Amino acid sequence: MLEIAKEAASAAGAFLKERFLEQLTPDEELHNDVKLPEDKGSEQRIIEVLHRHFPTHTIFSEEVGMVSRDEEYLWIVDPLDGTNNYFIGHPYFSISIALQHKGDLVLGVVYNPVAGQMFWAEKGKGAFLNGRRMSINNRTDLTRAVGTYIRGRNTVTKQEELAFTEPFVLNTKRILRNVAPALDWCLLANGWLDYIVMQRSGIMDVAAGIVIASEAGATITDWQGKPYRHEPFAQDQVRSLLATNGHLHEPIRGLLVEQSMADCLR
């Protein structure tokens, strides 16, 4: 199944890479989002590969929604994670494909075709970048930590985002807002990032990344410190999570507590 997921990601990636340098025409531009025909083109290629090899499997993808078949296997697909980046010519985007089996996440593939980065993991088998095993880093100094902030669409206002990220701006080296969450989780897995703070974000965008980061040794909890457990996928499901290299987990979580964000902890 892993090789088929990589095949699907590669097919979509080749299409997106070919279109990347073009002047793109959106189907729709929203206040904080954009809809591109390239989303649908990528999705079409992924679904074709998955259904050719696994005709009985259910697929959930961002554009077509749920294509229900056998409930035992569910593919969770984001055909273009980082659409806004793609639209403006910023090469930080990916194809994200995860597999849920009987309610458990068991496989994740994230592919950035411009950078040639194919990240993947299977539960219990480790995480890899282009065939090389990955692991989180050992950083312990909070002031040198670099992280990313992920928030859900239409679940957090810009005012809330500014207030929430302030302690991370002041107390860590840098907090980035990359707007391509699947890749963020992979950067943590490869030791390039030290922490991720996710606020009320959909699981679809990060399911594959969570598998990859987990297999690379990342510590993942909710904001209260309870270890992350995957819940069977639901389209409207949002989660607030903290992921780190482990050494920095409590210091980073302490910044959440100091902000008195109890009303946001969920």
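**A walk through the predicted model**

Arg200 sits in strand E13, which covers residues 195–202. In this predicted model, its phi is near 45°, a positive value in a residue other than glycine. Is Arg200 buried or exposed? Arg200 is buried, because its relative accessible area is 8%, and the cut-off for buried is under 20%.

Asn130 also has a positive phi without being glycine; the value is near 50°. Asn130 lies in a loop. Asn130 counts as partly exposed, because its relative accessibility is 48%.

Now take the whole chain. Its secondary structure comes to seven helices and 15 strands. The radius of gyration is 18 Å, close to the 18 Å that the globule rule gives for 266 residues, so the chain is as compact as a globular protein of that length. Along its principal axes, the C-alpha trace spans about 50 × 40 × 35 Å. Of the 266 residues, 56% count as buried. Take the contacts with a separation of 6 or more: residues 24 or more positions apart account for 64% of them.

The largest nonpolar core has 42 residues. Ile76, Val110, Phe119, Trp185, Ile212 and Ile220 have the most contacts inside this core. Which helix supplies the largest share of the core? Helix H5 (residues 181–189) does, with seven residues. A second, separate core has 33 residues, including Ile4, Val34, Ile47 and Tyr111.

Leave out residues up to four places away in sequence, and Trp185 touches Ile150, Ile196, Met198, Val206, Gly209, Ile210, Ala213, Ile220, Leu241 and Ala243.

That leads to the packing of two helices. Such a pair is described by the angle between the axes and the distance between them. The axes of H5 and helix H6 (residues 207–215) come within 8 Å. They cross at roughly 5°. H5 is therefore roughly parallel to H6, since angles under 35 degrees count as roughly parallel. On the H5 side, the contact is made by Ala182, Trp185, Cys186, Leu188 and Ala189. H6 brings Gly209, Ile210, Ile212 and Ala213. How many of the contact residues are nonpolar, polar or charged? Eight are nonpolar, one is polar and none is charged.

Terms used:
Residues are numbered from 1 along each chain as its sequence is written. This is a predicted model: local features need pLDDT of at least 70, side-chain atom pairs count only at pLDDT 80 or more; totals for chains, interfaces and linings use all residues. Side-chain values use heavy atoms; hydrogens and water are left out. A nonpolar core is a set of buried Ala, Val, Leu, Ile, Met, Phe, Trp, Tyr and Cys residues joined through side-chain atoms within 4.5 Å. Buried means under 20% relative accessible area, exposed over 50%, partly exposed in between (1.4 Å probe, protein chains only). Helices (H or I, at least four residues) and strands (E, at least two) are DSSP runs, numbered from the N terminus. Contact means heavy atoms within 4.5 Å. Axes are lines fitted to C-alpha atoms, for helices over the stretch in contact, and angles run from 0 to 180 degrees between N-to-C directions. Angles under 35 degrees count as roughly parallel, over 145 as roughly antiparallel, 65 to 115 as roughly perpendicular and the rest as oblique. Ala, Val, Leu, Ile, Met, Phe, Trp, Tyr, Cys and Pro count as nonpolar, Asp, Glu, Lys and Arg as charged, and the others, Gly among them, as polar. The radius of gyration is taken over C-alpha atoms; the globule rule is 2.2 Å times the number of residues to the power 0.38.
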